[in-house]
Every structure is written in C-alpha cells, then in structure tokens.
Amino acid sequence: MSASSETPPGELAAVAAQFARGAGEILLGLFGKRVEVDYKNKAKTDPVSEADTASQDFLAKAIASKFPGHGVLGEEKPRDKDEARREGEREVPDYLWVLDPLDGTKNFLNGLPIWGCSVGVLLRGRPVAGAIFTPEPGPDGGGTIYRASEGGGAFRDGHPIQVAGDEQPTGKRIASLPGSHWTQFQPTGPLKSSLGEVRAPGSMAYELALVARGGLHYALFGAPSIWDVAAGVLIVREAGGAPLIRLNGTDRWEALDSFFPPERLPKNIDAARRWRRSLLAGNPALCKFISANIRKVNRPRLWTGKRPRG
C-alpha cells in the first residue's frame with residue numbers, strides 16, 4: 001500500500017470510536033441479563049459468552065463493510081475448526097484491526113461494571129488509531145468512549161486526557177497490578193518500600209483507559225495478548241504516557257512503538273495472534289523508575305502448582 005493511499009489516523013480513530021460505540025451498545029443491552037456461556041479450556045476458567053461473540057460479529061462486519069482491504073484479528077476464533085484454520089492462514093495486510101470485543105468477561109458475567117470493548121488499528125505493526133468503550137456513564141448515560149490517533153492526542157468523550165503525574169509510586173494514587181503479581185514480579189531497591197495503592201480491576205482495556213485519563217497511576221501486566229492492549233497503548237501514549245514492554249528472558253524494558261518491527265512483520269493472522277509481552281504503562285518518569293526496579297520471576301502458584309506465563 002502506498003503512502004498516498006493510507007487513511008489519516010484521525011479518520012481511523014473516529015471510525016474506530018464509532019464501531020466501539022456500536023459494540024458497546026450491544027454489550028450494555030446484554031449486561032445484567034442471562035447469557036449463554038462456553039469455555040475455552042477444560043478447567044472452565046476462560047469464559048466466552050454470547051456477548052463476546054455478538055460484539056465481535058458486529059465489529060468484524062462493520063470493518064469489512066467500511067474497509068474491505070483491511071485485516072481483522074479478533075480475540076474470539078471461529079468455532080468451526082476449518083474456518084478458524086482459514087482465518088489464521090490469511091495474510092496480514094498493511095492495516096490490521098485488532099479487537100477485544102469484551103475485555104473483562106468474568107466481570108461482565110458477574111454484574112461488575114468493569115469491562116471494555118477495545119478496537120485498535122495497526123499500520124504495518126504500528127498502532128495508529130484506537131478506541132475503547134467502557135460502561136462508565138457518559139454524557140448521555142450510555143457508556144464512555146476513549147480514543148486516540150497517532151500524533152493527534154487522546155480523548156475521553158471528546159475531552160483531552162492526560163496521564164497522572166508523580167515520578168514514583170505513592171499511596172495517594174491507585175495502581176493496577178495482576179492479582180497474582182507476587183508470582184510474576186519482584187520489586188527491588190526503592191520500589192520495595194511501596195508499589196502504591198494496588199488494585200486488580202480485571203479488564204486490561206479498562207485499566208489502560210484509566211491510566212490514560214489519570215485515574216490509575218500506572219498499570220503492570222504479566223503477559224497480555226495483543227487484543228488486550230492494541231488500542232490502549234496508543235491511548236496512553238497520546239495522553240503523555242510511555243508504554244514499555246519487557247524484552248523476553250531479561251529484566252530490560254523498551255518503548256512499545258510497534259508490535260512488530262518492519263523486519264519481523266507476521267506472515268499471517270495466527271502469527272500476529274501469538275504476540276505476548278509484559279507491559280508497563282504510566283507517565284515516562286514513573287515507568288522508568290519502576291522498570292529499573294522490578295524483576296520478572298516465576299514463582300509457582302501455591303494453590304495450583306502452576307507457573308505463570310510470560
């Protein structure tokens with residue numbers, strides 16, 4: 001695709017926000033109601049509901065209608081194995097829409113209004129536009145839209161947003177870490193005295209939106225998938241933040257400017273789907289301080305005997 005045929009990031013962000021709003025309305029219509037639930041694993045700890053699939057179906061059809069030459073990577077694979085295989089083998093075009101149709105499914109199913117719908121747009125691996133719908137009451141009471149475009153700033157329902165200040169964790173601010181963070185990360189040096197006031201909300205998309213508007217001081221994730229963060233990392237960055245990813249097998253962190261470097265672009269959707277990295281999001285000085293004083297560990301979970309991924 002030539003540069004002249006590229007869609008301006010601001011236009012993509014506006015459309016992503018429109019699509020996220022439409023999916024969010026579907027989700028709000030199902031929230032608090034009895035919905036069909038299936039599970040992706042035998043232990044029945046990873047649910048997928050009819051709300052997830054209804055949201056993704058809406059988004060995929062909307063994108064295909066508006067941008068027929070663009071690719072789509074949604075969290076939910078087709079149930080038919082042959083269809084799922086064909087989808088996974090599709091070549092990744094220059095533009096790839098990365099969707100988490102319902103991030104925080106367990107919260108959603110249990111009536112906890114902490115969930116989101118994430119719509120991210122990558123251009124040759126680089127996030128250029130994104131939108132997140134959350135059930136927070138908006139101006140019209142129907143949920144909230146966070147959106148951002150590369151170089152165009154970040155907004156919450158049309159109002160500019162900015163990450164929180166303070167260069168070190170503080171008990172005055174709330175931070176988001178995985179509920180099992182002690183099995184995955186070990187604070188060192190000055191970070192040992194305080195990680196801040198810690199919460200585990202249960203929806204990465206929602207948490208990144210909160211980081212972007214300063215509601216969360218920072219968020220640390222052990223091994224998110226690409227659909228969890230494709231929109232959120234851009235919204236945080238455009239709000240003045242500095243998303244960092246951990247280099248696998250090390251305690252070194254680097255800026256997340258692109259999910260896939262130009263020399264390592266995925267050959268198909270399945271290859272893109274395999275992206276997983278530890279992620280840290282907050283203001284630049286804070287992220288620099290935390291990343292310099294935290295180690296990745298793999299402590300067995302005492303109640304399962306399993307080791308965390310990532």
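Leaving out neighbours up to four places away in sequence, Glu-150 is in contact with Pro-9, Arg-126, Pro-127, Val-128, Leu-234, Arg-237 and Glu-238, where contact means heavy atoms within 4.5 Å. This is a predicted model, so to speak: local features need pLDDT of at least 70, side-chain atom pairs count only at pLDDT 80 or more, and totals for chains, interfaces and linings use all residues. Residues are numbered from 1 along each chain as its sequence is written, and side-chain values use heavy atoms, with hydrogens and water left out.

Back to Glu-150. You'll find Glu-150 in the loop between E7 and E8; helices (H or I, at least four residues) and strands (E, at least two) are DSSP runs, numbered from the N terminus. The side chains of Glu-150 and Arg-126 are joined by a polar contact of 2.7 Å. A polar contact here is a pair of N or O atoms within 3.5 Å; within protein, one must be able to donate a hydrogen and the other to accept it, and residues adjacent in sequence count only if both atoms are side-chain atoms. Along the chain, Glu-150 and Gly-130 are 20 residues apart, and their C-alpha atoms are separated by 9.0 Å.

Pro-93 sits in another loop, the one between helix H3 (81-89) and E4. With neighbours within four places set aside, Pro-93 is in contact with Gly-69, His-70 and Gly-71. From Pro-93 to Ile-174 is 81 residues in sequence and 39 Å in space, C-alpha to C-alpha.

Two loop residues have a backbone worth a look. Most residues other than glycine have a negative phi. Arg-124, in the loop between E5 and strand E6 (126-134), has a positive phi near 50 degrees. Asp-157, in the loop between strand E8 (153-156) and strand E9 (159-160), also has a positive phi, of about 50 degrees.

Here is how accessible some of these residues are. Buried means under 20% relative accessible area, exposed over 50%, and partly exposed in between (1.4 Å probe, protein chains only).

| Residue | Relative accessible area | Class |
|---|---|---|
| Glu-150 | 29% | partly exposed |
| Pro-93 | 25% | partly exposed |
| Arg-124 | 33% | partly exposed |
| Asp-157 | 22% | partly exposed |
| Asp-103 | 7% | buried |
| Cys-117 | 0% | buried |
| Cys-287 | 0% | buried |

Asp-103 belongs to strand E4.

As for the cysteines, the disulfide count comes to 0, taking a disulfide as a pair of cysteine sulfur atoms within 2.5 Å.

Now the helices. Helix H1 (residues 9-30) has 22 residues, which should span 32 Å at 1.5 Å a residue, and its end C-alpha atoms are 31 Å apart, in agreement. The expected span is 1.5 Å times one less than the number of residues in the helix. Just after H1, Gly-32 takes a positive phi of about 85 degrees. Helix H2 (residues 50-66) agrees as well: its 17 residues should span 24 Å, and its end C-alpha atoms are 24 Å apart.

Which residues of H2 are buried? They are Ala-51, Asp-52, Ser-55, Gln-56, Leu-59, Ala-62 and Ile-63. These cover an arc of only 130 degrees around the axis, so they are on the same side of H2; the arc is that of the directions from the helix axis to the C-beta atoms. Lys-61 and Ser-65, on the other side of H2, are exposed. The buried residues of H2 pack against H1, strand E2 (47-49), strand E3 (71-74), E4, helix H4 (105-109) and strand E5 (116-123). At the start of H2, a side-chain oxygen of Ser-49 comes to within 3.1 Å of the backbone nitrogen of Ala-51.Last, the nonpolar cores, each a set of buried Ala, Val, Leu, Ile, Met, Phe, Trp, Tyr and Cys residues joined through side-chain atoms within 4.5 Å. The largest has 40 residues, and those with the most contacts inside it are Leu-73, Val-98, Ile-226, Ile-235, Phe-259 and Leu-279. Elements giving two or more residues to this core include strand E7 (144-149), helix H6 (204-212) and helix H8 (232-238). H6 supplies the largest share, 7 residues. Apart from this core lies another, of 31 residues, among them Ala-17, Val-35, Phe-67 and Ala-131.
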